[in-house]
Amino acid sequence: MIRLAKILEIPDILIITQTCAKNMIDHGIYQWNEYYPSKEAFEKDIARKELYVLEKNDEIIGTIVVSTLMDGEYIPINWLTPNKNNIYIHRLAVHPKQQKKGYAQDLMDFAEDYARKSGFISVRLDTFSKNGRNNKFYQARGYQAVGDIYFPKQSEFPFHCYELILQNILF
């Protein structure tokens, strides 16, 4: 079941994201670290009612942020659609013990269905350029690469921005 997260669940969510960060680092992928994702980011996500969790057998095993807020880092990107009426995906995580079971697909299906039903024109996100698995995952879902951004506290390497167009629009 996918549902809105509760403030009291942030410690459980942080365990998942910290375990994911360690797992990625162990595989040479420096996408997340001790600074990101942070408790403060999740608190803001919950306050905006944008943080969702995936529960299985009464245990949180995954999380995703489905946001209407465009981060400043995205402003220079030449997106495929106008900068209005878009959804942004952040902090998608599935506990490493639960990975490769289709749960990330379920979370993305949820986010994309939400965006379609709510009338948004596209879904936008970024992922670390050195995370080949994530890049293949989004490309297989039909996302198109549109540019790169940098998060110096996370890596010297870029993060690729992707967009999935949901509706045909006239420019």
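**View 1. K49, in the loop between α2 and β2.** In this predicted model, local features need a pLDDT of at least 70 and side-chain atom pairs count only at pLDDT 80 or more, while totals for chains, interfaces and linings use all residues. Residues are numbered from 1 along each chain as its sequence is written, and side-chain values use heavy atoms, with hydrogens and water left out. Helices (H or I, at least four residues) and strands (E, at least two) are DSSP runs, numbered from the N terminus. K49 has a relative accessible area of 59%, so this residue is exposed. The cut-offs are under 20% relative accessible area for buried and over 50% for exposed, with partly exposed in between (1.4 Å probe, protein chains only). From K49 to S122 the C-alpha to C-alpha distance is 20 Å, across 73 residues of sequence.

**View 2. S122, a residue of strand β5.** Is S122 buried or exposed? S122 counts as buried because its relative accessibility is 0%. The side chain of S122 makes a polar contact with the side chain of N86 at 2.9 Å, and another with the side chain of T81 at 3.3 Å. A polar contact here is a pair of N or O atoms within 3.5 Å; within protein, one must be able to donate a hydrogen and the other to accept it, and residues adjacent in sequence count only if both atoms are side-chain atoms. With neighbours within four places in sequence left aside, S122 is in contact (heavy atoms within 4.5 Å) with T81, N85, N86, I87, E163, L164, I165 and L166.

**View 3. Y74, in the loop between β3 and β4.** A relative accessibility of 1% is why Y74 counts as buried. Which side chain makes a polar contact with the side chain of Y74? The partner is the side chain of D126, at 2.4 Å. Not counting residues up to four places away in sequence, Y74 touches D126 and also W79, Y88, H90, L125, I149 and C161. G147 lies 73 residues from Y74 in sequence, and their C-alpha atoms are 9.4 Å apart in space.

**View 4. Strands β1, β2 and β3.** Strand β1 (residues 2-4) runs antiparallel to β2, and 3 bridges join the two. In this pairing I2 stands opposite L54 of β2. Strand β2 (residues 51-56) is in turn joined to β3 by 6 bridges, again antiparallel. Two strands pair if DSSP finds at least two bridges between them. E55 stands opposite I60 in β3. The hairpin of β2 and β3 has 2 residues between the strands, and N57 takes a positive phi near 55° in this hairpin. Strand β2 is mostly covered, with 5 of its 6 residues buried.

**View 5. Strands β3 and β4.** The two strands pair in the antiparallel sense over 5 bridges. V66 stands opposite I89, a residue of β4. How many of the 9 residues of β3 are buried? The count is 8, and β3 is described as mostly covered.

**View 6. N131, in the loop between β5 and α4.** N131 counts as buried because its relative accessibility is 4%. Apart from neighbours within four places in sequence, N131 is in contact with M24, I29 and Q31.

**View 7. The largest pocket, with a volume of about 1,200 Å³.** Of the 50 residues that line the largest pocket, Q31, W32, Y36, R91 and L92 are the closest to its centre. On a 1 Å grid over the protein atoms alone, a pocket is an open set of points where a 1.4 Å probe fits, with protein on both sides within 12 Å along at least five of seven lines; lining residues have an atom within 4 Å of a point. Grid points are joined across faces, edges and corners, and the volume is the space filled by probe spheres set on the points. Which element gives the most to the lining of the largest pocket? Strand β4 does, with 6 residues. Elements that each supply at least two residues of the lining include α1 (10-26), α2 (39-47), α3 (103-117) and β5 (122-128). The lining divides into 24 nonpolar, 13 polar and 13 charged residues. Ala, Val, Leu, Ile, Met, Phe, Trp, Tyr, Cys and Pro count as nonpolar, Asp, Glu, Lys and Arg as charged, and the others, Gly among them, as polar.
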